[in-house]
Amino acid sequence: MTHLKKITLGIFFSISLSTNVQSFDGAAGPQTILPAPGYGELDFEAPRAGSYKLPVLGYAKNAKVIDTNNETVSYHEMFRGKYTLLNFMYTRCDDLNGCPLTHVVFSRIKELAKQDPTVAQNLQMLSMSFDPTYDTPEHLKKLESGLHDQHMDMDHSSGHDGHDMQHGDHQMHHEPETDTVNWKYLTTHSEEELFPILDDYGQSVIPKSDDAGDDDGNFSHILRVFLIDPDLKIRNIYSVSFLHPDIIINDLKTLMMEYGVDESNAQNQHLQNIRIGAGDSKAGYESKNYITNSLSIQNRQGKETDLLKFVENPPLGLPEVPVPADNPVTEAKIKLGKKLFFDRRLSLNNTISCAICHVPEQGFTNHEILTAVGFEGRSVKRNAPTIYNTAYFKKLFHDGRETSLEHQVWQPMLARNEMANPSFGVVIEKLRNLEDYVGLFEAAFDGQQASFETIPKAIASYERTLNSANSPFDRWYYGKEKDAMPPSAIRGFDLFAGKAQCIACHTVTEKHALFTDNSLHNTGIGWERAMRKDPESQRVQVAPGRYVNVKNDIIKSVGNQQEGDLGHYEVTQDPADRWKYRTPSLRNVALTAPYMHDGSLGTLEEVVTFYNEGGIKNEIQSPLIQPLNLTSAEMEDLVAFLKSLNGDNVAEIISDSFATPIGDHSKN
Amino acid sequence: MKVTQFLKKKLKPTLRILSPILASSVLFMAAPTVSADETCMSPYMAKISGQEDFVYVWTLGVEGLGDGQDKLVTVSVNPEADDYGKVRHVTSVGGRNEAHHSGFTDDRKYLWAGGLDTNKIFIFDVYSDPAKPTLVKTIDDFVSKTGGVVGPHTPYALPGRMLWTALSNNQDHGGRTALVEYTNEGEYVDTYWIPTDDNLQGAEKTGQYADGYGYDIQVLPRRNMMLTSSFTGWSNYMMDFGQMLQDKEAMKRFGNTMVVWDLHTRQPKQVLDVEGAPLEIRCAWGAENNYCFTITALTAEIVLIEEDDKGGWKAEVVGTVANPSDVPLPVDFSISSDDSMIWVNTFMDGTTRGYDITDPHNPKLAHEQYIGEQINMVSSSWDNKRLYYTTSLLANWDHKGEKDVQFMKLMHWDPETKTMEEQFHIDFYKEKLGRAHQMRFGAYSLYGKQAKHESDADAQLALTQEK
C-alpha cells in the first residue's frame, strides 16, 4: 500500500469507520451511506490539466469574516492572487458525505501537494463555518492546530484518533510551511453576519430539529466547494460526486496554466511574483462587475539576469542571432544599453525613456494606449511595437523605414513628437556630463566616449538580447514534446498552416520560426483609417460598464486633426505601397495588445475575426488576405494557438528590467 | 472714535493666523464680518481679513505665444487700485511644464506651483512683495526623490509641511501614484503610495476598486480624516483630448476611487468606490458638518462623502450636473464658507451652476449661467460674492480652434437677487500670456504690509481708512 493510501485510509477510518462515522469533534451517529468518490480512487482518469477550459461561473463576493485568532479578515484580501478552495462546513457535522468528505479531500490535497511545490505555493484552502454559535474562533483554533498535528503525525503514522485533531490546548506557534498548502478555518461573530455570506454563495443551510421541535445542533445543507481564481472569479463548484483530489488538482493546474504559471519555475519564487501584464490591470473593465487587480509600484522589483545567454544560445525555435560585425554584443554594452533604455533623461525635458512606450511587463509595448504619446503629450500616429525578437527583423518601424537597430535608435530620440531632442549633439553632451555615466561608454567601447555611434550601439545591444521563444509551440513543434501544447492549440496550428493560411505571412520553417516574412502588406486597416467617413457619434466609456455616445463635433472640438498615415508609401513614394505595414512576429503575441499598427484591435479574438472576414477590402489590399470561413470553434482554436507562442523567458526578462534603475533627474 | 470702530480700523489689514479650530469655529461664526478668502484651501492656512489685492494665476505657456513659457501672472483685483482688473506682474519659470495647481504654505509666505509634465515644483516668495512674487527655489528632483512619483498635482498646507498629491509614476506613466510630503523649506520627507490590491496597507477595500490613483486632497482635522480622489496618469492627461476619447484603452485608465486616510499617521483607512474620475474635493466648514463633496468628471455626478454608522466613511451619489449623457465634464467647483452653496463649472458648455446644498443629500440647482468657453477653475471669496473664473483644463485637453479662448473673469454674485455680473475680464491670449489655469489670492494685509506701488497706493489708503 502506498504511503498516500495509508494516509487516506487513516483519515477515512479516523473520521468514519473507526467510530461509526463521527463528527469532527467526536459526536458519533450511525450512518449507512456509501462513501463518496473523494474517499478513494476515481473510477475514471481525471481530465488532463490544460486540456479543457474552466469557464467563469461568477464573481466570488467579498465578505468580512473572522479567523481563528478572532481577527477580522476579508475574503477578497485572502482570495486575491491565490487559487482558493472554499467550503462551507460546521464541525458538528456527522454526514459522511458532507463536511467530513470535504475534510478528507482537503487533507488528501494537502498531502499530495507536498510532492508538488507549484500546488503548495499557489493553493490555499478555506473552511468557513456556518455554525458560529458552536464554531467559535477558539474552537476552530483547536481544530486548525489539530490539522497541523495531524499533518505532522501523518508523516509517521497512518493511525490517528479523531479526538486528537482537536487536542488543541497547546498554543504552540507554527511557522508557516512553504511546502504545504495553507488551510485555514473561518467563522463569523453571528448569524446576522453569516446569512448574507451564505446567500452570496448560494449555500442553503437549514437547522435540523429534534422530535420536540428544537434545534438539535445539526444542519441540513448542500455540499458545495468553490474553486476561485486569483482574480476573484469562481471557476468551479464541486458537489459530492466530483469532490476528488485528482479532479481538483488538475483543475487547479489548468487554471495555473491559463495564468501562465510555469511549473518548472516553481522553485524560482521571484519569477513567480512577476506579473506578465499591466500592473494596473483593466481586464473586465467593460463590465460593471469589474474589480481592480492592481499591483503597487513600490513592489515592482526584480532580479538582474544574464541576458547575453539569449544571444549566444537563442531559445528553442529561434535561429542564430544576427549580430553586426562592427557591434559584437558584450555584457558591458548590454548593461549600458539597458541603462540608457530606462533613462528618462534621454528626452529633452527628462520625462520619456524608451521604456515609457515599450513597457517591459506590457510586452515591451503599451497596453494602456492605442497609439503612443510623446514629448509634451504630442500624438504619435502609430502603436508602440514590441521589441521582443527585433534582432531578427530586416525592416523596423511599422512602415519598414529602417534597416538596423543601430540606425533605428536615433529616430525616437530626435522625433519632435517622441523624445524631442533638438540634435544629436544635445544628447551626446548630456550623457557625457551625467555623473552616473562616467566611464561606462569607455569601458564598453574600448575607450570611446558617448557618441553618435556608441549610444545607438549600446541600446541596440540590449534590444538584441530580448529574444524570446521556447514557447509551448516550440517545445511541441521543434522539441517534439507531445504534451507541450494543448490539443486546442494543436488544432489551431493546423488551421494556421492550413485553412486560415496565416503562415503565408507569419512564416514557420523547418528549424525555426520568426512568424514574419519581414515584408509589408495592406490588410485594409490603414486604408479604412484614412478613408472612412466620420461617424456622427462615438461610444465612449466613462466608468466600468458605463458608456455614453459622444457627438463627433465635440470630439473634434477638443482634438487635433490626426496625422495622415500612408504606411510604406511614406518610405517609397510608390502608390502601390499605400497602407502597407510590416508583418509583425507573432511570438509573445498574447502579451502585446493592442494589435495592428494603430492599436485598433484590442484582443486576439478581434484580430482573428478581422482576418476571418477578409480584412477590409480596398483596391490595393493584399491578395493574400481573403475571407477564411472559419467556424467559431476554429477561431477559438486559432486563438489558443496564438496564446501558445509565449516564450518561457518572459518573466525572467521582465524581472531583469525591474531590477534596472530608472534614470531620472537627480541632484546627486 | 468708538472703541469698536478703532479696533475695526486697526484689525482690518491685519493678518489673522488661525488654527484649524479657530478657522472652523471662531472665524466662521464671525463670518459676516470677515470679508474674503477662497474657500477651498487648507484649514491650516492663514486667512485674509480684507479685500484680496491680487490673484495669482498659474498659467501654461503656449508654443509660439509670447515667450512660450509657464508663468505666474499676478492680477490686480482690489477695486481701489488704479490697475484693477489688469495684469500687475509676470514671472516666467522656463519651459512648458504643464502648469496646473498651486498652493500656499500654512504661513502663506510661499506659493508652491507644480508642473504635471516635467515634475518641477516652483516656489515663489509672495510675502516680500505680494505684488511681485519672485521664484526663489525650483525642486527638480521630485521623481527621483520620491521613488518614482510623477505629476505633482495639488499642494496642500499642513502645519510646517506641504503635502502633494500626484497623478502618475515613472514606470508606466499610468495612474498609480502617491502622496508626497515636503517641509515648508522644500526638503523631501516621505512618499505615501495610494493603496493597491496587493498592498492595501491595512486599508479596507469597501467595494470593487483599489486602483492606486490620485488627484485632490482635503482634510477634516476635527475628524482626523484626510481624503484623496483619483484622476488619470501621464499618458492620458498629456494626450490630445479628442484622441483620448477615441482610445478605448485610454478611457479605461481613469480613477474610480477615493481614499480615506488617517490624517495624523498618513495611513490609508478605507478605499471607497466613486466611479468616473472624482476630481476636486470640497469639505464643509461648519463645525458639525462632517462631510465633503466631490464631483466626477466623466459621469457628472455629485458625490457626498460622510461618516457612516460603523465608524467609517461612505460615498453616495446625491445628484448630477447638467445632462451626464452629454459629457458636460464638470471640472472645478467651489463651496461657500457657510456650506450653503457649491459652484460647479462644466468645461464643455462653459457654464457655472450654483447648487443649494443646505441639505447636502439633495443639492438643488439655484443658478445657472454661461461664463465663457471652456471654463475650468473657480475661486470664491469668503462671502461667496466674488467668483473668479479661468479657462484652461490641460494644455492638450483645451478646445482647438475658435473655442480655445483663455481668460480670467471676475463675476459678482448677488445672493439676494440671484444675479451674476461680470466685473472685468482679461484675455490671456491677447496679453500673450498663455492658458489661464489655477488661481490663488494674495493680499498685503496678510503680512501687515502697505502697498509699495503708486498704482495702488490709493487703494491701500482706502483700505486703511474707516468707511
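Tutor: Let's start at A:Cys93, which counts as buried because it has 25 C-beta neighbours inside 10 Å. Buried here takes 20 or more other C-beta atoms within 10 Å of a residue's own, exposed takes 12 or fewer, partly exposed is in between, and C-beta atoms are placed from the backbone. This is a predicted model, where local features need pLDDT of at least 70 and side-chain atom pairs count only at pLDDT 80 or more, while totals for chains, interfaces and linings use all residues. Residues are numbered from 1 along each chain as its sequence is written, and chains are lettered from A and ligands numbered from 1 in the order in which they are written.

A:Cys93 sits in the loop between β4 (83-89) and α3 (99-113) of chain A; helices (H or I, at least four residues) and strands (E, at least two) are DSSP runs, numbered from the N terminus. A:Cys99 lies in helix α3 of chain A, and with 27 C-beta neighbours inside 10 Å it counts as buried too. Leaving out residues up to four places away in sequence, A:Cys99 touches A:Met89, A:Tyr90 and A:Cys93, where contact puts the C-beta atoms, placed from the backbone, within 7 Å. An unreviewed UniProt entry puts the annotation "binding site" on A:Cys93 and A:Cys99. UniProt positions are in the numbering used here, feature names are shortened, and annotations may be inferred rather than shown by experiment.

Now follow β4 and α3 to a helix that packs on them. The buried residues of α7(A) pack against β4, α3, α4 (117-122), β5 (123-129), β9 (225-228) and β10 (233-238) of chain A. Among those buried residues are A:Ile247, A:Ile248, A:Asp251, A:Leu252 and A:Leu255. An α-helix has 3.6 residues a turn, so residues three or four places apart point the same way. Helix α7 (residues 245-258) of chain A has 14 residues and reaches 20 Å from its first C-alpha to its last, close to the 20 Å expected at 1.5 Å a residue; the expected span is 1.5 Å times one less than the number of residues. After α7(A) comes A:Gly260, with a positive phi near 80°.

Zooming out, 49% of the 668 residues in chain A are buried, and its secondary structure comes to 24 helices and 16 strands. Of the contacts in chain A with a separation of 6 or more, 72% join residues 24 or more positions apart.

Further along, the unreviewed UniProt entry gives "domain: Cytochrome c" for residues 332-442 and 487-646 of chain A. Residues 332-442 of chain A are 32% helix and 0% strand, with end C-alpha atoms 10 Å apart. For residues 487-646 of chain A it's 30% helix and 11% strand, and the ends are 16 Å apart.

There's a helix pair to look at as well: α18 (residues 487-497) and α23 (residues 632-642) of chain A pack at about 100°, axes 7 Å apart. Axes are lines fitted to C-alpha atoms, for helices over the stretch in contact, and angles run from 0 to 180 degrees between N-to-C directions. α18(A) and α23(A) are therefore roughly perpendicular, the label for 65 to 115 degrees (under 35 is roughly parallel, over 145 roughly antiparallel, the rest oblique). Among the residues making the contact are A:Phe493 and A:Phe496 of α18(A) and A:Leu638 and A:Phe641 of α23(A).

Technical notes. Contact = placed C-beta atoms within 7 Å.
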